[in-house]
Amino acid sequence: MHKILLFITAGLLTFTPVLAQQSRLNILWIVSEDNSPFLGCYGDKFATTPNLDNFAKQGVLYKNAFATAPVCAPSRSTLITGMYPPSIGTEHMRSTYPVPDFVKFFPHYFREAGYYTTNNAKKDYNTVDQPEAWDESSGKATYKNRKPGQPFFAVFNLNVSHESNIHSPVPKDKLKHDPDKVTLPPYHPRTTEMKHDWALYYDKIEEMDRQAGIILKELDKEGLTENTIVFYYSDHGGILGRSKRFLYESGLKIPLIIRFPEKFASLASGKAGSTTNRIVTFHDFAPSVLSLADIPIPQHMEGKAFLGKRQVRARDYAYGFRGRMDERTDLSRTVRDKKYRYIRNYMPHKIYAQHLEYLWKAPSMPSWEAEYKAGRLNEVQKKFWQEKPAEELFDTEKDPHNVNNLAADPKYKDILLKLRAANHNWLIESKDVGFIPEALLSKIAETTPLRGYALSGKYNFKKVIETAEIASSRDPSKLPEIIQRLADPDPVVRYWAVIGTIVFKKEAVSARPKLNELLRDPEISVRIAASEALLNFGETDKPVQTLSQALESNNQMARVQALNVLETIGDKAKPAFNNVKALLKGNPKDGDYDVRAAKKILQQGEK
């Protein structure tokens with residue numbers, strides 16, 4: 001009897017941890033690429049998405065879910081860290097600036113808690129990789145490789161809806177969706193190419209839906225549906241021009257559906273088949289899944305849990321950002337409440353439609369540009385090819401396509417002031433390092449993680465942000481202050497003061513003597529900006545010489561900044577062409593952003 005009791009006790013001691021693990025929930029993410037809520041369950045009658053429509057009947061559909069960035073790498077940086085990229089320096093597209101050691105990719109905490117973590121397969125986290133966050137990450141990664149009874153956190157990325165998949169047109173008779181029946185947003189002209197790209201995009205979404213269905217069926221086949229919380233969402237909006245990369249609903253609003261099995265129904269934000277208008281953003285996904293798994297949320301995470309035991313009060317605003325997109329410099333920020341979207345453009349002198357090599361690979365973009373050059377666009381369609389206002393405000397309920405800017409309408413003054421203040425306060429709270437010109441930012445990142453720099457006291461972010469706000473305001477009363485700050489001891493303040501003279505163009509002509517002095521500024525980004533300002537006043541020789549010299553710099557982002565200016569001045573850039581051509585010698589990588597910008601300048605020069 002004593003031996004039998006010992007045997008039973010030993011068996012229980014061995015079996016109890018397995019039972020404990022089996023009772024822990026699993027979490028599975030299905031992540032599609034580059035798609036807004038173009039799904040039947042979101043009311044899109046042109047979409048063919050039976051699997052996700054059925055999934056929505058089993059889960060909770062979020063009506064106010066947003067990416068923090070309208071492009072993949074910065075957006076995914078938010079997801080993996082639970083941090084806001086402008087606060088840690090991962091804002092600019094395809095940059096690899098390091099984050100502090102204390103910022104761990106969140107699957108690391110799942111592994112520590114005994115979970116099996118898998119990623120299949122896209123990463124693109126816009127910083128130095130942390131491969132140890134995953135038990136496996138590859139095109140073959142699967143939760144099926146875990147130990148018996150081990151809980152898992154698994155990610156499946158579906159790239160069939162990615163932008164690249166509409167670069168090559170297909171014959172009209174091969175399309176499943178009829179181009180002549182597709183509804184275009186009001187800002188797109190109804191060209192043959194535009195209709196085709198939209199129809200092809202809906203075909204890709206249909207295929208994405210099919211692939212999502214396979215993942216859900218496989219989970220069911222493995223007998224894991226009743227123990228697994230499943231998220232479906234897109235990594236940002238998209239896909240055609242003025243959606244991906246832009247801070248409108250079309251770039252930031254995403255589909256999000258979360259299914260909770262019956263045993264974990266108490267963790268859900270609603271019943272199966274319900275909807276919620278709670279604002280959630282990618283900022284909050286990492287802390288939310290940790291909360292669901294009852295894993296402590298690290299204190300450094302800025303995002304807030306919207307699910308699980310550690311969830312907090314619903315947020316009032318969703319914040320978003322736009323920095324450098326591939327080879328084109330820009331800077332904008334946005335705030336969204338449940339009804340209104342506010343956008344602040346800090347480089348309003350740059351048109352929306354800056355030429356990006358990758359964006360222009362879709363046939364619809366050259367067709368849109370051709371219509372603009374031919375003068376066949378209406379006022380709404382034409383705006384994309386013009387300079388930006390300093391501020392934009394949209395009623396997203398009445399104006400889901402964000403074409404009617406209310407910022408100058410007196411009836412909306414209170415709303416404008418409220419959201420303007422919310423944006424400013426968040427910039428200060430997050431210590432937004434995106435206002436440091438990237439040529440300088442990249443130098444700082446060589447020795448110091450940018451979050452550490454922001455916290456060190458060396459970054460005068462309040463004065464920098466204040467200068468950026470007045471510089472981009474287009475308010476003539478601010479011009480004397482802008483000119484005064486051209487002599488500020490802080491190079492970042494000087495940079496933004498110069499941007500102000502660029503925005504004001506010939507109105508800032510009194511700044512000419514000081515701008516000529518700044519052609520010798522110790523900071524290269526200031527020298528390049530001063531050259532751009534002087535070009536606006538009709539000066540050519542010294543500014544072009546300064547820009548040409550910048551192309552010899554070993555700082556790639558300085559070269560990109562200079563090339564962005566040279567492209568805007570046509571034949572006046574020819575004295576710099578030898579240095580532009582030098583960037584293409586040897587065996588340059590087509591993916592290098594200075595190479596892309598250099599090619600565009602030379603193509604223009606040949607016309």
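1. Pairing requires at least two bridges found by DSSP between two strands; strands (E, at least two residues) and helices (H or I, at least four) are DSSP runs numbered from the N terminus.

2. Basis of the model. This is a predicted model, in which local features need pLDDT of at least 70 and side-chain atom pairs count only at pLDDT 80 or more, while totals for chains, interfaces and linings use all residues. Residues are numbered from 1 along each chain as its sequence is written, and side-chain values use heavy atoms, without hydrogens and water.

3. Strands 11 and 12. Strand 11 (residues 340-345) is joined to strand 12 by 5 bridges in the antiparallel sense. Tyr340 has Asp395 of strand 12 as its bridge partner.

4. Helices 16 and 18. Helix 16 (residues 491-504) packs against helix 18 (residues 524-536) at an angle of about 15°, their axes lying 9 Å apart. Axes are lines fitted to C-alpha atoms, for helices over the stretch in contact, and angles run from 0 to 180 degrees between N-to-C directions. The two helices, helix 16 and helix 18, are therefore roughly parallel (angles under 35 degrees).

5. The helix contact. Contact (heavy atoms within 4.5 Å) involves residues including Tyr495 and Val498 of helix 16 and Ala529 and Ala533 of helix 18.

Methods:
Angles under 35 degrees count as roughly parallel, over 145 as roughly antiparallel, 65 to 115 as roughly perpendicular and the rest as oblique.
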